[in-house]
Amino acid sequence: MNTKQSENLMKLQKIGEIQVKVAPHHSVNHSKGVISEIEFQRDLEDDILECLKDQKVIAVRRITIKTNNQNFPTKHVILTFNTPILPKSVKISYMNCPVRHFIPNPLRCFKCQRFGHTITACRSKQICARCSLPDHDSNNCSSTSPKCYNCNGDHPAFFRSCPCYKQEKEILTVKITKTFPFQKPEKSSTTEHPSLAFHIHQH
């Protein structure tokens, strides 16, 4: 899809007799990657963003670790690109920094303990993350024998070595690293760019 076609699609207001609104698809048109450079560990996120604006970077977030109730910066920085195609590297100052795929942690509901959604979208009953019994949460649990709701193992649902957690992480890894991005259009005399994906909403 070239620039002119994208602009025309954005102006679309009707499909037949149905009123619609067209907007670029946020997540499909963006990609996230991670750089890990100790040289930039003390640099501010805004400063890194300023250096990378001309390389299609639209957001920067440093990964932190929590120790003794304090957050400490790491050398790992998450970059959001305004393109579905993740670049192999970015250049900051004199350094060429390799970019690898950002794999988020699996989404686990704090209410029902299942993976794939958050508490705001949950319609199930409350399940304790510590003992897997209903009608109370882990803050009010008196059980001394943890049990995982997802795999029935002798650990709480938030245990990072849970087989179900590992499986969800593997699924996310395959989904992000093995999914082919939108193909670039063939070269022609018109100005073109990688295809955009759109949301079409019915009014």
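This briefing describes selected features of one protein chain, grouped by topic. The structure is a predicted model.

- Helix α2 comprises residues 45-52, and its buried residues are Ile 48, Leu 49 and Leu 52.
- An α-helix has 3.6 residues a turn, so residues three or four places apart point the same way.
- The face of α2 turned away from the buried side carries Asp 46 and Glu 50, which are exposed.

- Strands β6 and β7 run antiparallel and are joined by 4 bridges.
- One of the residues bridged across this pair is Lys 91, whose partner in β7 is Asn 96.
- Asn 96 belongs to the uncovered face of β7 together with Pro 98, whereas Met 95 and Cys 97 form the covered face.
- The hairpin has 2 residues between its strands, and Ser 93 takes a positive phi in it.

- Most residues other than glycine have a negative phi.
- Ser 93 has a phi near 55°, a positive value in a residue other than glycine.
- This serine lies in the loop between β6 and β7, the latter spanning residues 95-98.
- Is Ser 93 buried or exposed? Its relative accessible area is 54%, and because exposed means over 50%, Ser 93 counts as exposed.
- Ser 132 also has a positive phi, with a value near 70°.
- Ser 132 is found in the loop between β8 (100-101) and helix α3 (163-178).
- With a relative accessible area of 13%, Ser 132 is buried, since buried means under 20%.

**Thr 83 in the loop between β5 and β6**

- Thr 83 lies in the loop between β5 and β6.
- Although Thr 83 is a loop residue, its relative accessibility is 7%, and it therefore counts as buried.
- A polar atom of the Thr 83 side chain lies 3.2 Å from the backbone nitrogen of Ile 85.
- Leaving aside residues up to four places away in sequence, Thr 83 touches Asn 29, His 30, Ser 31 and Lys 56.

**Ile 38 in the loop between β3 and α2**

- Ile 38 is located in the loop that runs between β3 (31-36) and α2.
- The relative accessibility of Ile 38 is 54%, so this residue counts as exposed.
- Ile 38 and Lys 75 are 37 residues apart along the chain, yet their C-alpha atoms are separated by 5.1 Å.

**Spans annotated in UniProt**

- An unreviewed UniProt entry places the feature "domain: CCHC-type" at residues 108-124 and 127-143.
- In the model, residues 108-124 are 0% helix and 0% strand, and the end C-alpha atoms of this span lie 13 Å apart.
- Residues 127-143 are likewise 0% helix and 0% strand, with end C-alpha atoms 13 Å apart.

Methods:
Residues are numbered from 1 along each chain as its sequence is written. This is a predicted model: local features need pLDDT of at least 70, side-chain atom pairs count only at pLDDT 80 or more; totals for chains, interfaces and linings use all residues. Side-chain values use heavy atoms; hydrogens and water are left out. UniProt positions are given in the numbering used here, feature names are shortened, and annotations may be inferred rather than shown by experiment. Buried means under 20% relative accessible area, exposed over 50%, partly exposed in between (1.4 Å probe, protein chains only). Two strands pair if DSSP finds at least two bridges between them. A polar contact is a pair of N or O atoms within 3.5 Å; within protein, one must be able to donate a hydrogen and the other to accept it, and residues adjacent in sequence count only if both atoms are side-chain atoms. Contact means heavy atoms within 4.5 Å.
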